[in-house]
Amino acid sequence: MDEHCATAISALRLLARRYARADTLRAQDQAVARKELRDMVETVTDLVFAGFYTRDGTRLSASATAAGRTSKP
């Protein structure tokens, strides 16, 4: 695995461990989690998109770089 990919995977694992129970976060914690997710996507150049999902697949938060954003029709 090359160095860039390893950095992206490490960053995702860090957030996954920190917010393993994202579906139970209080509102103020969710704001912090969203900011950290946004910052991570902006900082780790190999990430284009990342999101938090509940166990049932409901998206709680997502962030995308300009390259990963798509326009709506």
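A salt bridge is taken here as a side-chain nitrogen of Lys or Arg within 4 Å of a carboxyl oxygen of Asp or Glu, and a search of the whole structure finds one. The structure is a predicted model, in which local features need pLDDT of at least 70 and side-chain atom pairs count only at pLDDT 80 or more, while totals for chains, interfaces and linings use all residues. Residues are numbered from 1 along each chain as its sequence is written, and side-chain values use heavy atoms, with hydrogens and water left out.

The protein contains two helices and two strands, arranged α-α-β-β from the N terminus on; helices (H or I, at least four residues) and strands (E, at least two) are DSSP runs, numbered from the N terminus. Of the 73 residues, 25% are buried, where buried means under 20% relative accessible area, exposed over 50%, and partly exposed in between (1.4 Å probe, protein chains only).

The salt bridge joins the side chains of Lys35 and Asp39 at 2.6 Å, N to O. These two residues are four residues apart in helix α2 and therefore separated by about one helical turn.

The relative accessibilities of several residues are set out below.

| Residue | Relative accessibility | Class |
|---|---|---|
| Lys35 | 45% | partly exposed |
| Asp39 | 34% | partly exposed |
| Tyr53 | 41% | partly exposed |
| Ser63 | 8% | buried |

The largest nonpolar core has twelve residues, among them Ala8, Ala11, Leu37, Val41, Val44 and Ala50; such a core is a set of buried Ala, Val, Leu, Ile, Met, Phe, Trp, Tyr and Cys residues joined through side-chain atoms within 4.5 Å. Two or more residues come from each of α1 (3–18), α2 (27–43) and β1, and α2 gives the most, with four residues. Val44 is in contact (heavy atoms within 4.5 Å) with Thr7, Ala8 and Ala11, leaving aside its neighbours within four places in sequence.

Ser63, in strand β2 (residues 59–64), touches Leu37, Arg38, Val41, Val48, Phe49 and Ala50 when residues up to four places away in sequence are not counted.

Tyr53 lies in strand β1 (residues 49–53).
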